[in-house]
Amino acid sequence: MTPFPYVLADSSTRIAIIGAGRVGSTLAQQVTQKNLADVVLLDIVPELPSAIALDLTQAKGLEGHHRHIIGTNNYEDTANSDIVVITAGVPRKPGMSRDELLNINAKIVLQAARSAIAHSPKAILIVVTNPLDVMTYLAWKATKLPSERVLGMAGVLDSARFQTFISMELGVAPDNISTMVLGGHGDSMVPLTSYCTVGGVPITELLDSDTIARLIERTRNGGAEVVKLMKTGSAYFAPASSTCLMVDAILSNQSRLLTACTYLQGEYGLEDIFMGVPCRLGRNGVEQVVSLAVTDAEQQALFNSAQLIREQLEQVFQMGLDL
């Protein structure tokens, strides 16, 4: 029996990962180990991506896959990729918020998105760089791709963190817990507690309101907690796994319901903004934005989250970048 539950991607399937840091290199490892696609790993640091690619290649026989892994400093080598993932950017340091990364990472993402899509015009673009929601909007503007082919990784990670903390609180296996976290990737994220269940039972039936509020707060600070403990970097295992799940859903054409940062055109009362909402992911990217019934408080929280994203976008527009 095959260990892969979905139809494997064609041997010619290729993913370009822009940024060979911890998230990018871990993602390259996961994509190849799962036999999802060949990988081109690009970074501006001379020889770094080639070293990582060689290291990963030397593990092929041990891992039992036959995927090609290329490391490069040249965007031409990423040509004809099916998916482009942008992880490039400056990571957070202790005490630094995602917002403080805005000015630095905006220029990096704009250049990376334009350069990669110039060589892979039919690719689906996934942005991982923070501040995530703003970076995804900028990548869309820079590339002029159809909005369904541009998305950001955030909701999968935020939902996984909430899932983890609920699991730790209740002593229940994480895969028995389903969570749904919408909104911006940061302090304004909006966990929908009515859609968070343990074996089908709403968490509101298992945990009191104070405990739920504490777990939500820890989820909102999930990335900062890792940064504080690590001291010299930020989270990368869970972000890479979250991105790999999205890549798998797209390449395997699963039409899988996941929370992703996507373009809204009236859904949840919001327009012309990229923000985390549930959507179906398949071979063409975002197949459908799913509109859930939310409470008045949750709707207001989504509006508040969107307002913070718009304020960040205004900061970018004032930078005078070529969009």
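## Ring pairs and a cluster

Two rings of Phe, Tyr or Trp (its six-membered ring) count as a pair if their centres lie within 6.5 Å. In this predicted model, such pairs tie Tyr137, Trp140, Tyr263 and Phe274 together into a cluster. Searching the whole structure turns up 6 aromatic pairs.

## A tilted pair

Tyr236 and Phe237 make a tilted pair, 4.4 Å centre to centre and 35° between the planes. Are these two residues buried or exposed? Tyr236 counts as buried because its relative accessible area is 18%, under the 20% cut-off. Phe237 counts as exposed because its relative accessibility is 53%, over the 50% cut-off.

## Strand S1 and its neighbours

Now for the strands. S1 (residues 14-18) is mostly covered, with 4 of its 5 residues buried. Strand S1 pairs with S2 (residues 38-42) in the parallel sense over 5 bridges. To get from S1 to S2 the chain passes through helix H1 (residues 22-33), and that β-α-β crossover is right-handed.

S1 also pairs with S4 (residues 83-86), again in the parallel sense, over 4 bridges. Ile15 has a bridge partner in each of these strands: Val39 in S2 and Ile83 in S4.

Definitions and conventions. Residues numbered from 1 in each chain as written. Predicted model: local features only at pLDDT ≥ 70, side-chain atom pairs only at ≥ 80, totals over all residues. Heavy atoms only, no water. Buried < 20%, exposed > 50% of the residue type's maximum accessible area, 1.4 Å probe, protein only. Helix = DSSP H or I, 4+ residues; strand = E, 2+ residues; numbered from the N terminus. Pairing = 2+ DSSP bridges. Right-handed = clockwise from strand over helix to strand, strands pointing away. Phe/Tyr/Trp six-rings, centres within 6.5 Å; stacked < 30°, edge-to-face > 60°.
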